[in-house]
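Dear colleague,

I am handing over the structure we spoke about, and it is placed just below.

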Amino acid sequence: MRVLVLNPGSATLKATVLDEPDPDARFDRTLEWSPSEAHSDRAETIAGLLGALPAEGIAPTTIEAVGYRVVHGGAELTEPTLVDDATLDAIDGLADLAPLHNPIAAATIRAARAALPAIPHVATFDTAFHAGLPEAARRYPLPDRWLDEWGIRRYGFHGLSVQWSVRRAGELLDRPPEDLRLVVAHLGGGCSVTAVDGGRSIDTSMGLTPLEGLMMGTRAGSIDPGAVLRAVRLGGDVTAVEDDLEHRSGLLGVSGQTDDMRELLRLETAGDRRAALAIDMFVGRTAAGIAAVATSLPSIDAVVFTGGIGEHAGAVRRRIEARLTALGVPVESDSTNDARDAVLASGPPAVLRIHAREDLVIAAATADLAARPRAPADRP
């Protein structure tokens with residue numbers, strides 16, 4: 001089945017065309033856009049994308065289904081879902097929990113449905129992989145009413161990336177994924193760590209929203225909630241405080257210059273103190289996050305690095321690994337800087353690098369759901 005996969009982010013739209021189950025993309029492009037674009041602009045972007053396909057030998061009429069990455073599915077959307085108006089309303093309703101992502105995902109889906117109205121559209125959710133988190137990992141230590149009345153609990157994110165990493169780890173280690181105990185570190189613009197036991201997520205660093213957990217590109221990660229309360233009490237507007245936590249914190253906030261790890265490493269080499277501090281904090285908090293979720297596992301077969309930083313910043317990986325030697329994690333050699341999926345250091349625990357392929361997970365789920373017989377009312 002030919003599937004168009006759309007992965008809408010706040011700054012980019014990643015588009016892939018796959019002939020499922022072939023893993024080689026027929027078309028792969030990343031388009032830049034603004035988080036403040038109107039719906040008409042999204043529609044124009046989708047139209048331009050479809051218009052670019054014929055030059056790659058792909059007629060838009062040959063696309064049989066469209067699959068999407070949606071960051072937050074809440075408590076109800078816990079598996080791939082055929083998109084209808086009710087699904088879109090549910091995605092919109094979770095916008096306050098993923099303000100950088102869900103509104104853009106909903107707008108993208110609306111634009112693509114309008115452009116390709118005769119084929120199935122399927123939403124897949126980053127939170128779905130974590131839907132079975134044990135209660136002790138899912139709940140916050142808060143009064144019952146926070147959960148019962150306000151729905152405040154932990155969801156976890158980057159599930160599509162973790163799902164792919166588990167599959168590839170099994171292939172690289174020549175073991176069934178259901179026999180593996182892994183810690184998956186997705187390190188990119190957003191960062192998280194997940195403990196996986198036998199293919200199941202049992203602990204993860206992100207929570208109610210993608211703000212919790214590790215230090216990230218522009219997001220603070222976990223900080224004392226008292227710091228947020230104090231900022232508001234001292235006159236910080238709630239919207240402005242939220243904007244700082246989402247857009248001006250993390251690597252950017254500490255370095256004062258950039259959230260690009262490649263540039264930070266260059267600045268550090270040139271003697272920039274704040275860049276060096278940002279990297280050191282990132283390394284320390286990532287290692288602490290890996291160690292924390294590792295306590296949920298009886299043993300560790302491998303630590304998996306994925307995402308832009310996890311895959312490409314070998315110097316950062318090695319510093320993280322050096323902080324984890326007390327857990328028996330080996331430090332990879334300096335000669336492992338290419339981007340291939342690989343076992344970088346033997347274990348246990350082994351150290352693995354895996355290229356993030358959420359698009360393959362989305363395409364497989366989309367093809368499976370789109371191929372199922374549907375009642376007339378379910379058809380787009």
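I begin with Arg319, which is partly exposed because its relative accessible area is 31%, where partly exposed is the range between buried (under 20% relative accessible area) and exposed (over 50%), computed with a 1.4 Å probe on protein chains only. Please keep in mind that this is a predicted model, in which local features need pLDDT of at least 70 and side-chain atom pairs count only at pLDDT 80 or more, while totals for chains, interfaces and linings use all residues. Residues are numbered from 1 along each chain as its sequence is written, and side-chain values use heavy atoms, with hydrogens and water left out.

Salt bridges

Arg319 forms a salt bridge with Glu268, with 2.8 Å between the closest N and O atoms; the term stands for a side-chain nitrogen of Lys or Arg within 4 Å of a carboxyl oxygen of Asp or Glu. Arg319 belongs to helix H13 (residues 314-322) and Glu268 to helix H10 (residues 261-269), so this pair ties together parts that lie 51 residues apart in sequence. Helices (H or I, at least four residues) and strands (E, at least two) are DSSP runs, numbered from the N terminus. Glu268 is partly exposed as well, at a relative accessible area of 21%.

By the same rule the count comes to 24 salt bridges. Another of them joins the side chains of Glu56 and Arg29, at 3.7 Å from N to O. This pair links distant parts of the chain, 27 residues apart, since Glu56 sits in the loop between helix H1 (39-52) and strand E4 (65-70), and Arg29 in strand E3 (residues 27-32). Glu56 counts as partly exposed because its relative accessibility is 39%, and Arg29 is partly exposed at 31%.

Glu171 and Arg167 also form a salt bridge, their closest N and O atoms being 3.8 Å apart, but here both residues lie in helix H6 (residues 159-173), four residues apart, which is about one turn of the helix. Glu171 is partly exposed at 43%, and Arg167 is partly exposed at 46%. A network of salt bridges links Arg167, Arg168, Glu171 and Asp341.

Strand E12 and its partners

In a regular strand the side chains alternate between the two faces of the sheet. Strand E12 (residues 350-353) is covered on both faces, with Ala350 and Leu352 buried on one side and Val351 and Arg353 buried on the other. Strand E10 (residues 302-306) pairs with E12 in the parallel sense over four bridges, pairing being assigned if DSSP finds at least two bridges between two strands, and Ala302 has Ala350 as its bridge partner in E12. Strand E11 (residues 342-345) pairs with E12 in the antiparallel sense over three bridges, with Ala345 opposite Val351, and the hairpin formed by E11 and E12 has four residues between the strands.

Helices H10 and H11

H10, the helix that holds Glu268, also meets helix H11 (residues 273-294), and the two axes come within 8 Å and cross at roughly 125°. Contacts (heavy atoms within 4.5 Å) bring Met261, Leu264, Leu265, Leu267 and Glu268 in H10 together with Ala275, Ala276, Ile279 and Phe282 in H11.

Conventions: Axes are lines fitted to C-alpha atoms, for helices over the stretch in contact, and angles run from 0 to 180 degrees between N-to-C directions.
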